[in-house]
Amino acid sequence: SRARRYQPEAGRRVTFADVAGIDEVRDEVAEIVDFLRHPDRYRAMGAQIPRGVLLSGPPGTGKTLLARATAGEAEVPFFAISASEFIEMIVGVGASRVRDLFDQAKQVAPAIIFIDELDAIGRSRGGGHSLGGHDEREQTLNQVLTEMDGFTGSEGVVVLAATNRPEILDPALLRPGRFDRRVTVSPPDLAGRRAILAVHTRAIPLAPGVDLDTVAASTPGMVGADLKNLVNEAALLAARRGRERVVPADLQDALEKVLLGSARGIMLTP
Ligand code: ATP
């Protein structure tokens, strides 16, 4: 028998409890969870099941986390790939990998396939791409579309994809029966940042003086990935300083470090 190239992700089950500050978005994918849990109900009703959901939003807002949590809530296998991994491939390899991936998922369905950075293969054919990867990109994209078009609805496979750049996607991807559900994942507001900080400090001992409302108020513009990083930096500082709990000064210093890091990053960008 052939080696399995794609395996469902293993590890701790991620659920909606791990995804904070994006409640509306969670509600939108709840429908997918229900379908994956009870496919027979939907089939009996003759309902057209969504095949593809496009998650769009800036980096670090939790698109991957949300996709993983959707699979966790539904308790179905989660197959994750990044479309950028197909870019360097020899023509034909990407398409065959896509076929493999869908075959594996169908075998263990109900299941979720997650395609990160969909724009890497899914950008509009109209223009803007370098000559090199062009054919390969197009063949890989075509294979994804072929697989999704081939769904009869009884496979029980739902494809979630993420992009930071929905505006450059080929309109063919967004047609009915493909990624016809669009979910926008926005950077969190104040309450959202507060909720994300609460999730990421669950396992961190905080001194009584630490006020997450204040931290949330000091971090405008930060997304979930930034806040996770901030909390971790504060915990590292507290440990290095020999404390038993994180105190406000650790968070303040971590914030300065994180902000300085990103400012330097911006200045270094050509
Ligand atoms: P990218 O576009 O860069 O792939 P993304 O939107 O997929 O980013 P994730 O990879 O899901 O972002 O986020 C990185 C990490 O940041 C997550 O694993 C999680 O720990 C944390 N995080 C991001 N958003 C949230 C959120 N809404 N709630 C809790 N944690 C979050």
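Is Ser84 buried, partly exposed or exposed, and what is its relative accessible area? Ser84 has a relative accessible area of 31%. Buried means under 20% and exposed means over 50%, with partly exposed in between, so Ser84 is partly exposed. The model discussed here is a predicted one.

## The chain as a whole

The chain has 270 residues, and 46% of them count as buried. Its secondary structure comes to ten helices and five strands. Along the principal axes, the C-alpha trace spans about 55 × 50 × 35 Å.

## The ligand and its surroundings

The ligand sits in the largest pocket. In total, 17 residues surround the ligand. The closest are Ala20, Gly60, Lys63, Thr64 and His200. Sorted by class, the shell holds six nonpolar, seven polar and four charged residues.

For Gly62, a backbone N or O atom lies 2.9 Å from an oxygen atom of the ligand. For Leu65, the distance between a backbone N or O atom and an oxygen atom of the ligand is 2.9 Å. For Thr61, a polar backbone atom is 3.2 Å from an oxygen atom of the ligand. A polar contact is a pair of N or O atoms within 3.5 Å, and the 3.2 Å pair at Thr61 is one such case. Taken alone, the ligand exposes 620 Å², and the protein buries 81% of that area.

## Two residues with positive phi

Which value does phi take at Glu75? The angle is near 55°, a positive value in a residue other than glycine. Glu75 is placed in the loop between H3 and strand E2 (78–82). With a relative accessible area of 59%, Glu75 is exposed. The cut-off for exposed is over 50%, which is why Glu75 falls in that class at 59%.

Glu117 is not a glycine either, and its phi is positive at about 50°. This residue lies in the loop between E3 and helix H5 (119–122). Its relative accessibility is 36%, so Glu117 counts as partly exposed.

## A cis peptide bond

Where does the chain have a cis peptide bond? The bond joins Ala109 and Pro110, and its omega is about 0°. Pro110 has its place in the loop between helix H4 (93–107) and strand E3 (111–116).

## Distances in sequence and in space

Ser84, the residue of the opening question, is found in the loop between E2 and H4. Ser84 and Val98 are 14 residues apart in sequence. In space, the C-alpha atoms of Ser84 and Val98 are 13 Å apart.

Glu75 and Lys257 are 182 residues apart in sequence. From C-alpha to C-alpha, Glu75 and Lys257 are 39 Å apart in space.

Definitions and conventions
Residues numbered from 1 in each chain as written. Predicted model: local features only at pLDDT ≥ 70, side-chain atom pairs only at ≥ 80, totals over all residues. Heavy atoms only, no water. Near = heavy atom within 4 Å. Polar contact = N/O pair within 3.5 Å; in protein donor to acceptor, adjacent residues only side chain to side chain. Areas by Shrake-Rupley, 256 points an atom, 1.4 Å probe, with all protein chains shown as cover. 1 Å grid on protein atoms, 1.4 Å probe; cavity = no way out; pocket = protein on both sides within 12 Å on 5 of 7 lines; lining within 4 Å. Sits in = over half its atoms within 2 Å of the grid points. Nonpolar A, V, L, I, M, F, W, Y, C, P; charged D, E, K, R; others polar. Helix = DSSP H or I, 4+ residues; strand = E, 2+ residues; numbered from the N terminus. Buried < 20%, exposed > 50% of the residue type's maximum accessible area, 1.4 Å probe, protein only.
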